Amino acid sequence: MITYIEDRNNEIVVHMDSWGTYTVHERCKVFLNKLCEHYGSSFEGRKQAVCACLNIHQKVPVLIREGIILYPVIDAASKNNVWVNYCKVKKITAKQYQTLFEFHDGTMLLSDSEYRSVKMQQYRCTNYLFVLHERIAPASVLH
């Protein structure tokens with residue numbers, strides 16, 4: 001399962017919880033779109049769904065499938081972006097002007113992103129999953 005993805009110009013580094021890391025020589029948006037399409041929708045379509053549901057327009061999390069909801073964490077120092085899988089984050093900690101991610105598999109990531117911003121991204125993912133669950137739960141009770 002994807003833990004996080006590092007976006008580096010024309011290639012990405014995908015970190016997996018049990019398979020290690022591998023490099024893909026394509027743009028991050030192309031990779032994310034292929035991933036979304038594999039599960040039935042485009043990257044832009046999934047972004048639009050979250051935007052409409054949460055009334056947001058920036059740093060939009062994307063639900064790929066159950067267990068994979070990625071959100072962007074802009075790394076201000078390197079200008080590279082990182083997409084973190086919300087479902088794999090065990091804990092986040094503020095480290096001065098950085099954020100330390102601790103993942104369920106024991107790996108860590110130190111990002112130059114602001115802790116408050118990361119907390120907001122975590123909240124957005126929690127809120128989106130809650131809204132989806134609430135939309136589905138009442139229908140299943142009726143059957």
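These legends describe close-up views of a predicted model. Local features need pLDDT of at least 70, side-chain atom pairs count only at pLDDT 80 or more, and totals for chains, interfaces and linings use all residues. Residues are numbered from 1 along each chain as its sequence is written, and side-chain values use heavy atoms, with hydrogens and water left out.

View 1. E6 sits in strand 1 (residues 2–8); strands are DSSP runs of E, at least two residues, and helices are runs of H or I, at least four, numbered from the N terminus. E6 is buried at 18% relative accessible area (buried: under 20%, 1.4 Å probe, protein chains only). Its side chain makes polar contacts with the side chains of H15 (2.6 Å) and R8 (3.3 Å). A polar contact is a pair of N or O atoms within 3.5 Å; within protein, one must be able to donate a hydrogen and the other to accept it, and residues adjacent in sequence count only if both atoms are side-chain atoms.

**View 2. The aromatic cluster of Y4, F101 and F103.** Rings of Phe, Tyr and Trp (its six-membered ring) pair if their centres lie within 6.5 Å; planes under 30 degrees apart count as stacked. Y4 and F103 are stacked, 5.4 Å centre to centre with 15° between the planes. This pair links strand 1 to strand 8, 99 residues apart. F101 and F103 are also stacked, at 6.1 Å and 10°. Y4 is buried at 8% relative accessible area, and F103 at 3%.

Definitions and conventions
Buried < 20%, exposed > 50% of the residue type's maximum accessible area, 1.4 Å probe, protein only. Phe/Tyr/Trp six-rings, centres within 6.5 Å; stacked < 30°, edge-to-face > 60°.
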